Amino acid sequence: MRSLPKGLADKVALHLVAAGKLMDTDPEQALVHARYARHRASRIGAAREANGLCAYQMGEWTEALSELRAARRMGGGPGQIAIMADCERALGRPERALELSRSAEAAELVGGDAVELRIVAAGARRDLGEVEASVVSLQIPELDPQRQEPWSARLFYAYADNLLAADRVQESFTWFVHAAHADDDGDTDAPERLEELVVRLGGDVDTDELVAEAVAAGPPIVEEVGEDDLTEVPVDAPADGAVTPAEESAAEPGQQVSPSAAETEQGAKSSEPRGDETA
């Protein structure tokens, strides 16, 4: 903010603080504050990033992607690369999401950020019909029910969801159990998914017995699987950063999501960092 006049810097900072506080409780109003900050401080990376994150919360995928790209160019590094990849999915471009997951910046991610990008990339593979590859791509060391990290519930849930897509129902049930046990904050709908699977497994099964078996089951045999080890998907789109002027003009803040993007939103929700149950 030092590049701004002091009065303006203070005003922009207040709007950014308001956006951050309201993002979870009133995302629509948070976006209003973030857009104001972006309008008054368009050369400040923090303002562009805040606008991008608030737009993402509101499902404004094009605006979010445009703003996060700008923030990344200004600040360097991986930035919010998992969210950017998820925006590409929501806009019907899973190939670009995978391209981001293989970028040099993606290799810099660690911990929860790296796990989130894995989840999004797995979702992109499902979008492309590569269901088994989506399952394998999530078999990473962090996929261990004995580990209870902040991202564990989301990872277990995504793995269970991909197993179900591969018609591996019993295994899916096991991992929805692990997700439910790891989800202390109720961020996922794993319990509801378990009820659905009980019906699918016959309806008269002993649920307690299934849960006990799932809890007793150990983690899958995990090998280090890199994105490059999976089936390559031809990507004709330019890599991130190589944005054409037409794309930039088409991604003006505030642009509404096209009908095709709205149709793909539900598919993206299974991998969004905000929570797999609805998010």
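Student: How are α7 and α9 oriented to each other?

Tutor: Keep in mind that this is a predicted model. The axes of α7 (residues 111-127) and α9 (residues 152-165) come within 10 Å and cross at roughly 15°. Angles under 35 degrees count as roughly parallel. So α7 and α9 are roughly parallel to each other.

Student: Which residues of α9 make the contact with α7?

Tutor: Start with the α7 side, where Val-115, Glu-116, Ile-119, Ala-122 and Arg-126 take part. By class, the contact of α7 with α9 has six nonpolar, one polar and four charged residues. On the α9 side you'll find Arg-154, Leu-155, Ala-158, Asp-161, Asn-162 and Ala-165.

Student: What about α5 and α6, are they roughly parallel or roughly antiparallel?

Tutor: Helix α5 (residues 81-90) packs against α6 at an angle of about 165°, and their axes are 7 Å apart. Anything over 145 counts as roughly antiparallel. That makes α5, relative to α6, roughly antiparallel.

Student: How many charged residues are in the contact of α5 with α6?

Tutor: From α5 come Ile-81, Met-84, Ala-85, Glu-88 and Arg-89, and they meet Pro-94, Arg-96, Ala-97 and Leu-100 in α6. Six residues of this contact are nonpolar and no residue is polar. The number of charged ones is three.

Student: Why is α6 largely enclosed by the rest of the structure?

Tutor: Look at which residues of α6 (residues 94-101) are buried: Pro-94, Arg-96, Ala-97, Leu-98, Leu-100 and Ser-101. Buried here means under 20% relative accessible area. The helix is largely enclosed because the buried share of its residues is six of the eight.

Student: Last one: what percentage of contacts between residues at least 6 apart in sequence join residues at least 24 apart?

Tutor: For background, the protein chain has 279 residues, of which 48% count as buried. Among its contacts between residues at least 6 apart, the share joining residues at least 24 apart is 66%.

Technical notes:
Residues are numbered from 1 along each chain as its sequence is written. This is a predicted model: local features need pLDDT of at least 70, side-chain atom pairs count only at pLDDT 80 or more; totals for chains, interfaces and linings use all residues. Side-chain values use heavy atoms; hydrogens and water are left out. Buried means under 20% relative accessible area, exposed over 50%, partly exposed in between (1.4 Å probe, protein chains only). Helices (H or I, at least four residues) and strands (E, at least two) are DSSP runs, numbered from the N terminus. Axes are lines fitted to C-alpha atoms, for helices over the stretch in contact, and angles run from 0 to 180 degrees between N-to-C directions. Angles under 35 degrees count as roughly parallel, over 145 as roughly antiparallel, 65 to 115 as roughly perpendicular and the rest as oblique. Contact means heavy atoms within 4.5 Å. Ala, Val, Leu, Ile, Met, Phe, Trp, Tyr, Cys and Pro count as nonpolar, Asp, Glu, Lys and Arg as charged, and the others, Gly among them, as polar.
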